[in-house]
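User: Could you take me through some local features of this model, giving the cut-offs behind each term as you go?

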Amino acid sequence: MKSLPNYLQTQRKRLSLSQEEVGFLLGLAGLNKGTKVCRDENYAREPSLQDALAYEVIYGRPVRELFAGRYQQAQQNVAARAKILNFRKVRKLDVRKQQVIIQLADQASINPSNQ
Amino acid sequence: MIKNKTVRVLAIAPLSRGLGYAVMESPDKLIACGNKAILRHKNVGALAWVKKFVQFYQPEVLVLPDVNATDTRRAARIKTLHRNIVTWAKQQQFKVRLISITQVRVQLLGNKQGTKQAVAETLAAKFPVELEKRLPPKRRPWMSEDPRMDIFDAVGLATTFWPPVR
């Protein structure tokens, strides 16, 4: 199953917080604090790293769980690149490096929803 | 048969005032639930909202109440709306699962007999964080049905999608 890009709304409703309150906690300025949170929740805005970490603090869930869809996408992209890297010929073979690359490449077959 | 498999399910309960919806990813993971009141052009408005929900939550299965089952009585308008939703879902190549009210009662109460209030209380106990606050007071003979009951109808349908773990 493909995860949703983010689960911010689910987590916010779990804590009974309003979008404006979350906006205030994120440190967003201006009158339209809630609008930015709304845009994050509706996948219309990509929050910055600072905001993503603040979401983790507010909701008490890891970023990769809050942004499960994005994490899944990043994991697949890294795995695809690791496969390419695995085929690259190197003069000096480093066993540890090889293991890491194989592990990363294998992540493409792991279902991220089980994590 | 689906057993605890992670599948995103969107349950829609079309009712007289609008519709209730629930999104679940596993038997105990309720992603979203709520109700939408539609006051004018109810069937057109309800179908538009179903399309919005499908676009937003990207479900794999659409769960609807079986309005043609022997244990169910629905208004002609709701039957038409139900037919429209099923037709649209089939055009979009969605899996549609119809669940009757008896199936919901058997799964949640363990009995064919039971009230909507009992089903709602069972669901509120199962999902206290999401549903406890939304549980309406017990309906008295002189009261109309609480609009929040739509939510419990939809969550009941979504929960019944997964067979009980024995």
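User: In which strand is the place of B:Lys36?
Analyst: This is a predicted model, in which local features need pLDDT of at least 70, side-chain atom pairs count only at pLDDT 80 or more, and totals for chains, interfaces and linings use all residues. Residues are numbered from 1 along each chain as its sequence is written, while chains are lettered from A and ligands numbered from 1 in the order in which they are written. With strands taken as DSSP runs of E of at least two residues and helices as runs of H or I of at least four, numbered from the N terminus, B:Lys36 falls within residues 29–37 of chain B, that is, in strand β3.

User: Is B:Lys36 buried, partly exposed or exposed?
Analyst: A residue is buried if 20 or more other C-beta atoms, placed from the backbone, lie within 10 Å of its own, exposed if 12 or fewer, and partly exposed in between. Because B:Lys36 has 18 other C-beta atoms within 10 Å, B:Lys36 is partly exposed.

User: At what angle do helix α4 and helix α6 of chain B pack?
Analyst: Axes are lines fitted to C-alpha atoms, for helices over the stretch in contact, and angles run from 0 to 180 degrees between N-to-C directions. For helix α4 (residues 116–126) and helix α6 (residues 149–161) of chain B, the axes are 10 Å apart and the angle is about 70°. That makes α4(B) roughly perpendicular to α6(B), since angles of 65 to 115 degrees count as roughly perpendicular, those under 35 as roughly parallel, those over 145 as roughly antiparallel and the rest as oblique.
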